[in-house]
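Subject: Structure handover and findings

Dear colleague,

Please find below the structure that I am handing over to you. My notes on what was found in it follow directly after.

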Amino acid sequence: MLMTVLQVSTRRVLYHSCCKLTKKSKHLVQMVRPSSDMAAFRELFAKAKHIAILTGAGVSAESGVPTFRGAGGFWRKWQAQDLAAPEAFSRNPSRVWEFYHYRREVMLTKNPNPAHLAIAECEARLSKQGRTVVVITQNIDELHTRAGSKNVFEIHGSLFKTRCINCGNVKENYRSPICPALEGRGAPDPDAVDVQIPVEHLPRCEEKACNGLLRPNVVWFGETLDSDILSQVEKQLDVCDLCLVVGTSSIVYPAALFAPQAAARGVPVAEFNMGTTTATGSFKFHFQGPCGQTLPPALARHESEIIS
Ligand SMILES: [Zn+2]
């Protein structure tokens with residue numbers, strides 16, 4: 001019954017990018033202690049043909065990527081929810097662009113960590129065996145792609161894509177700085193002041209005769225997910241035979257939406273994160289600790305794998 005509710009909710013594409021499904025998740029909890037038996041996990045891993053890996057902020061955090069959430073997570077005096085919002089952008093596009101410019105520039109100094117690399121290596125290795133690994137991530141930093149992952153669904157978009165608010169054109173953009181007016185801007189210190197860049201000097205659309213204002217192509221608080229990406233993700237969850245939840249708790253979106261969908265079909269779900277939650281008991285495995293430490297041995301070559 002609850003599974004149906006969750007699945008229908010997913011299909012309606014009405015999700016706020018930080019919604020907690022605590023209430024619903026409570027009903028999912030079965031009083032079964034999840035296993036932390038790595039050898040048992042590895043047996044299932046060795047047989048799996050189609051592995052879906054859901055990743056969240058914890059994976060990025062281990063690369064030192066700031067999230068601007070929680071205690072101490074501030075840019076100037078704001079947190080992500082104050083700036084990653086359509087209202088904030090309409091009110092003060094210059095401030096929001098300073099924030100995103102800073103985040104883009106910070107990424108020049110960050111690198112994929114052992115968890116990203118283990119996932120990418122696993123995908124490459126298993127693809128030679130006719131097996132599939134897909135990453136479904138809420139992270140917008142492209143570290144999975146930089147690590148070498150090919151099948152990546154960025155459900156929250158990317159820091160390195162822009163979208164024109166006039167013509168809707170979406171484009172990759174790795175320029176540093178993204179426009180001359182933002183050069184040297186975006187200082188995160190609490191006493192830094194907004195520079196109030198005129199809107200015509202913020203990033204602009206280069207499509208013929210458009211010149212519309214660009215925004216980061218990321219899903220902001222209160223916005224809906226891209227329905228095309230979501231339907232592709234649902235297809236992946238419908239065919240996977242092993243599901244991993246990495247660096248995010250299973251009561252917090254997106255894992256709260258997606259993992260139960262796989263579990264409802266009897267697919268084993270394995271969590272890799274720093275703590276347990278009320279939902280942990282509804283999954284088969286839980287491996288506690290930094291995923292940069294727990295994931296590489298979990299996804300390493302199994303002795304039964306034949307490498308050509
Ligand atoms: Zn345009």
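Two strands are taken to pair if DSSP finds at least two bridges between them. With that in mind, strand β1 (residues 50-55) is joined by 6 bridges to strand β2 (residues 132-137), and the two run parallel. Please note that this is a predicted model.

Overall fold

The protein has 12 helices and 9 strands. Of its 308 residues, 52% count as buried. Among the contacts with a separation of 6 or more, 73% are made by residues 24 or more positions apart.

As for burial, 6 of the 6 residues of β1 are buried. Both faces of the strand are covered: one side carries His 50, Ala 52 and Leu 54, while the other carries Ile 51, Ile 53 and Thr 55.

The zinc site

The zinc ion has as its protein donors the SG atoms of Cys 164, Cys 167, Cys 205 and Cys 210, which lie 2.2 to 2.3 Å from the ion. In sequence, these donor residues follow the spacing C-x2-C-x37-C-x4-C.

Why is the arrangement of the 4 donor atoms around the zinc ion called tetrahedral? The donor atoms subtend angles of 103 to 117 degrees, and four donors count as tetrahedral if all angles lie between 85 and 135 degrees. The arrangement is therefore tetrahedral.

Cys 167, at 41% relative accessibility, counts as partly exposed.

His 156

An unreviewed UniProt entry places the feature "active site" at His 156. This residue is located in the loop between β3 (152-154) and β4 (157-164). Is His 156 buried or exposed? Its relative accessibility is 6%, so His 156 counts as buried. A polar atom of the His 156 side chain lies 3.4 Å from the backbone oxygen of Gln 138.

Yours sincerely

Definitions and conventions: Residues numbered from 1 in each chain as written. Predicted model: local features only at pLDDT ≥ 70, side-chain atom pairs only at ≥ 80, totals over all residues. Heavy atoms only, no water. Donors = N, O, S within 2.8 Å, 3.2 Å for Na, K, Ca; no water. Tetrahedral: all angles 85-135°; square planar, octahedral: opposite > 155°, others 65-115°. Buried < 20%, exposed > 50% of the residue type's maximum accessible area, 1.4 Å probe, protein only. Helix = DSSP H or I, 4+ residues; strand = E, 2+ residues; numbered from the N terminus. UniProt positions renumbered as here; feature names shortened; annotations may be inferred. Polar contact = N/O pair within 3.5 Å; in protein donor to acceptor, adjacent residues only side chain to side chain. Contact = heavy atoms within 4.5 Å.
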